[in-house]
Amino acid sequence: MSDYQIIVSHPAQQHSYHLAAGVKKQGMLLRYLTAIYDKTGSVGMSAARLLVRGRDSSKLSNRRCPELDDGEVELYYTLPSLAVIILSRSLKTKPLSYRLDRWIANRFGRKVAKRAIRLHADAVICFLNNAESCFKYLQRHAPQITRVMDASSATVRYMARLYESDMELTGNPGLRREVPSFFEPATLQKEQRELDLTDVFLAPSRFAAESLSFCGVRREKIQLLPYGSNFPLCDMQRGVPDSIRFIYVGQISYRKGVHHLLRLFRELPWAELDLIGQTFSQDLPNDYRDCPNIHFHGHLPRERVQELLDRSQVMVFNSLSDSFPLSCLEAMSRGLPVIASTQAGVCDLIREGENGFTFAPADSDALRRHVCYFRDHPEEYPRFSAAAMETASCYTWSAYEDRLAVILAELRDQKHIQNRG
């Protein structure tokens with residue numbers, strides 16, 4: 001066990017299991033603190049199985065990390081966190097879900113801080129938008145504990161600026177309806193306080209890092225740590241396709257730029273487009289259901305997503321703001337080249353004209369050119385596909401752990417230097 005001990009905390013999940021497992025691999029994991037976890041003997045999870053139905057129920061079985069021992073995991077606010085998931089499924093109850101989520105984040109954060117002090121942790125890693133109460137308490141009562149933020153999304157202030165630009169361009173206020181809190185001063189002020197309390201940032205992409213810099217974070221405080229794919233590499237090379245089928249995996253929302261994507265594919269009846277993901281703005285599918293080449297599949301289990309990727313040829317991702325879309329990396333792992341907007345962190349992985357293309361999210365002409373390229377040059381497709389898989393092979397969770405190990409070693413060495421000083 002290392003002489004440098006870290007608490008990893010997240011009331012939700014995201015990629016925190018991989019983070020905690022990577023910290024443990026270095027002998028540095030003191031505890032992993034969360035809200036929903038399939039821990040043996042958990043009263044909260046037993047109650048959850050009685051309360052939760054449908055696809056929310058199936059998700060409970062995935063709330064477990066095989067690399068972690070039950071004794072390393074502590075749970076807080078399980079039942080309120082389950083209520084957040086249930087309430088978020090309806091547009092009517094979504095505002096209540098958001099308020100409850102913020103209530104949990106504040107109390108969960110203070111619980112994490114007190115636990116870190118009691119266990120004599122050297123560092124605490126929290127996630128963006130869930131760190132303020134924890135870091136504020138640590139700054140006041142245990143400033144010697146390093147406060148690390150995993151910036152898994154771009155900052156709200158940066159995203160709000162990008163959304164404002166898109167609304168000015170399109171005249172559509174859909175973004176303001178989707179995320180009204182992003183445009184409220186109280187939200188921006190809370191985020192800035194959280195950033196100001198942080199010692200070190202883990203950013204998955206240059207786009208995420210740019211959003212931090214936009215809010216005044218110094219570059220030397222930011223460490224780049226890209227994620228890994230959750231899908232295995234395709235075990236066969238793709239040949240020249242008979243036709244090109246496009247796929248999008250992500251939220252059906254204005255934030256993901258789906259309105260630009262749908263508008264283009266309505267004008268390209270030869271191009272089949274499958275869209276997989278939960279609908280956040282119902283008008284988007286409603287306005288395009290009469291297009292025979294556009295297919296909305298809704299939320300699908302992971303196995304089904306992989307099946308649809310394997311029958312598709314190209315991933316299109318027109319997000320207005322995305323720090324590191326795992327769906328794009330997963331598509332690459334299945335041999336799909338990616339056409340992505342420049343406001344998505346996956347651009348770090350794209351080599352123009354080799355494994356995909358990039359474009360400004362509102363530049364429909366550029367997107368059209370890239371989409372039509374694959375129709376007009378099918379003989380080039382095998383080269384793009386092979387390059388996509390080669391890229392994905394470099395972005396695994398094992399590679400993530402290797403990069404994380406270097407960052408953790410630097411944090412430990414800095415602590416030792418401070419102690420000697």
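**Notes on the predicted model**

1. Let's start with Arg351: at 32% relative accessibility, this residue counts as partly exposed. Keep in mind throughout that we are looking at a predicted model. Which residue does Arg351 form a salt bridge with? The partner is Glu354, and the closest N and O atoms of the two are 2.9 Å apart. Glu354 is partly exposed too, because its relative accessible area of 37% falls between the 20% and 50% limits.

2. On to the salt bridges as a group. As background, side chains of opposite charge can pair when their charged atoms come close. How many salt bridges does the count come to? The total is 28. One of them joins the side chains of Arg334 and Asp310, with 2.9 Å from N to O. This pair ties together distant parts of the chain, 24 residues apart: Asp310 belongs to helix H13 (residues 302–310), while Arg334 is in the loop between helix H14 (326–333) and strand E12 (338–341).

3. Is Arg334 buried or exposed? With 8% relative accessibility, Arg334 counts as buried. Asp310, on the other hand, has a relative accessible area of 34% and is therefore partly exposed.

4. Another bridge pairs Asp376 with Arg375, and here the closest N and O atoms are 2.9 Å apart. Both ends land in the middle class: Asp376 is partly exposed at a relative accessible area of 44%, and Arg375 counts as partly exposed at 40%. There is also a network to check: Lys24, Asp69 and Glu72 are joined into one by salt bridges that share partners.

5. Now the aromatics. A pair of aromatic rings is described by the distance of the centres and the angle of the planes. The structure holds 22 aromatic pairs. One of these is Phe357 with Phe374, an edge-to-face pair with 5.9 Å from centre to centre and 70° between the planes. Phe357 counts as buried at 10% relative accessibility, and Phe374 is buried with a relative accessible area of 1%.

6. Phe357 has a second ring partner. The centres of Phe357 and Phe384 lie 5.5 Å apart with the planes at 40°, so this pair is tilted. Again distant parts of the chain are linked: Phe384 sits in helix H16 (residues 381–393), 27 residues away from Phe357 in strand E13. Both of these residues are buried. Which residues form one aromatic cluster? They are Phe357, Tyr373, Phe374, Tyr381 and Phe384.

7. Which helix gives the largest share? That would be H5, with four residues. Arg110 is found in helix H5 and counts as partly exposed at 34% relative accessibility.

8. Two backbone angles to inspect while you are in this stretch. His120 has a positive phi of about 60° although it is not a glycine. Where is His120 placed? It is in the loop between H5 and strand E4 (123–127). At a relative accessible area of 66%, His120 is exposed.

9. The other one is Asn129. Its phi is near 75°, again a positive value in a residue other than glycine. Asn129 lies in the loop between E4 and H6, and at 26% relative accessibility this residue counts as partly exposed.

10. Last point: Gly71. This residue lies in the loop between helix H3 (54–60) and strand E3 (73–75). Gly71 is exposed because its relative accessible area of 62% is over the 50% limit. How far is the C-alpha atom of Gly71 separated from that of Arg31? The separation is 8.3 Å, with the two residues 40 apart along the chain.

Notes
Residues are numbered from 1 along each chain as its sequence is written. This is a predicted model: local features need pLDDT of at least 70, side-chain atom pairs count only at pLDDT 80 or more; totals for chains, interfaces and linings use all residues. Side-chain values use heavy atoms; hydrogens and water are left out. Buried means under 20% relative accessible area, exposed over 50%, partly exposed in between (1.4 Å probe, protein chains only). Rings of Phe, Tyr and Trp (its six-membered ring) pair if their centres lie within 6.5 Å; planes under 30 degrees apart count as stacked, over 60 as edge-to-face and the rest as tilted. A salt bridge is a side-chain nitrogen of Lys or Arg within 4 Å of a carboxyl oxygen of Asp or Glu.
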